[in-house]
Structure formats: structure tokens, C-alpha cells
Amino acid sequence: MLRTQARLLTATADFGAGEGLTGAQLLVLTAVVRGDRPPTVPQIARSLGHSRQAVQRLADALVEIGMVEAVDNPDHKRARLLVPTERGRAAYAAADAVSRTWAAEVTAGLDPAALAAATATLREIRTRLETGTTPR
């Protein structure tokens, strides 16, 4: 599984290059754009399994280049909420189009039902890991 993860990270690292984004920046931008509500840096860090400090550096860079804004959080004085700008949404959309084309090429000829089952299984594993509900 680690080899698959490494291959995926390598293969997808350049998806945001057309928008001037590194793979790590695109990962954080995706978390901001696709979040149910504006996330904080610590929430993104927990979700991705990265350190808060690493995600903070990436978020700061995204703010600096105008992809996201940090706004006041009514629930926390120091953990600001990250919201995408129009430029950030456009960059995400462009990278997502590249991603969808790549995914279609990689999965061409595979059984759609098998892909759906694999996706559901991976989501369940991720949920268990994130919630700490893994059976012992």
C-alpha cells in the first residue's frame, strides 16, 4: 500500500503546475475548496496526517499568492478559517480537470463496479483511521 501511495503522490505532483502550485500546495487548496465548511490549519493537518507547522507554511504561501484568505473564526481566537478566493477556485478547477483526465486514463478498461467497491473500501479504511475506530 505504501508503494501505491508513493506512486500516486509522484504521478499527481504536477497537477497544479499549470497554476503555479506545488503538489503539497494543491493538496491544501483542495482541502479548502472541497471542505463542507471553511477549515482551519489544524483541521487540515489532522485530515492529511501532516504536522500543523507544515500545513501552516503551505497555507501561508497560498494566502501570499492569492489562492486562499484567512478569516476570523468565531469559535477560536487564533485558529483562523481558510476560504478559497476566486483565483483559488479557478486554480483548483483547472487542476481537477487535469486530475480527471489522468484518472480516466489510469482506470481505462477496469470494471466500474470493482472501482466503486475499491473506493468504498478505501473510504471506510480512511474513516476508521481518522476516527480511531479500527478494530483491535
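Predicted model: local features only at pLDDT ≥ 70, side-chain atom pairs only at ≥ 80, totals over all residues.

Visitor: Let's start inside. How many residues does the largest nonpolar core have, and which of them have the most contacts inside it?

Guide: First the idea: a nonpolar core is a set of buried Ala, Val, Leu, Ile, Met, Phe, Trp, Tyr and Cys residues joined through side-chain atoms within 4.5 Å. Buried means under 20% relative accessible area, exposed means over 50%, and partly exposed is in between (1.4 Å probe, protein chains only). Here the largest such core has 19 residues, and Leu 21, Leu 29 and Leu 62 have the most contacts inside it. At least two of its residues come from each of helix H2 (23–34), helix H3 (41–48), H4 and H5. H2 supplies the largest share, five residues. Helices (H or I, at least four residues) and strands (E, at least two) are DSSP runs, numbered from the N terminus.

Visitor: Which residues does Leu 21 touch, leaving aside its neighbours within four places in sequence?

Guide: A contact means heavy atoms within 4.5 Å. By that rule, Leu 21 is in contact with Gly 16, Leu 26, Leu 29, Leu 62, Ile 65, Met 67 and Ala 91, once neighbours within four places in sequence are set aside. Zooming out to the protein chain, take the contacts with a separation of 6 or more: 49% of them join residues 24 or more positions apart.

Visitor: What does the secondary structure of the chain come to?

Guide: Count six helices and two strands. Reading from the N terminus, the order is α-α-α-α-β-β-α-α. The C-alpha atoms fill a box of roughly 45 × 40 × 25 Å along the principal axes. Of the 136 residues, 23% count as buried.

Visitor: Now for charges. How many salt bridges does a search of the whole structure find?

Guide: Side chains of opposite charge can pair when their charged atoms come close. A salt bridge is a side-chain nitrogen of Lys or Arg within 4 Å of a carboxyl oxygen of Asp or Glu. The search finds three. One joins Arg 80 and Asp 72, with the closest N and O atoms 3.4 Å apart. Arg 80 is partly exposed at 38% relative accessible area, whereas Asp 72 is exposed at 63%.

Visitor: And where do Arg 100 and Asp 96 lie?

Guide: Both sit in helix H5 (residues 86–107), four residues apart, which is about one turn of the helix. Arg 100 is exposed, at 58% relative accessibility. Helix H6 (residues 112–131) holds Glu 124 and Arg 128, also four residues apart, about one turn. Their salt bridge has its closest N and O atoms 2.9 Å apart. Glu 124 is partly exposed at 38%, and Arg 128 is partly exposed at 34%.

Visitor: Last one: which element gives the most to the lining of the second largest pocket?

Guide: Rolling a probe the size of a water molecule over the atoms shows where empty space is left. On a 1 Å grid over the protein atoms alone, using a 1.4 Å probe, a pocket is an open set of points with protein on both sides within 12 Å along at least five of seven lines, and lining residues have an atom within 4 Å of a point. Grid points are joined across faces, edges and corners, and a volume is the space filled by probe spheres set on the points. The second largest pocket has a volume of about 220 Å³. H4 gives the most to its lining, with five residues. H3, H4 and strand S2 (76–84) each supply at least two. Among the lining residues are Val 41, Arg 52, Ala 59 and Arg 80.

Methods. Residues numbered from 1 in each chain as written. Heavy atoms only, no water.
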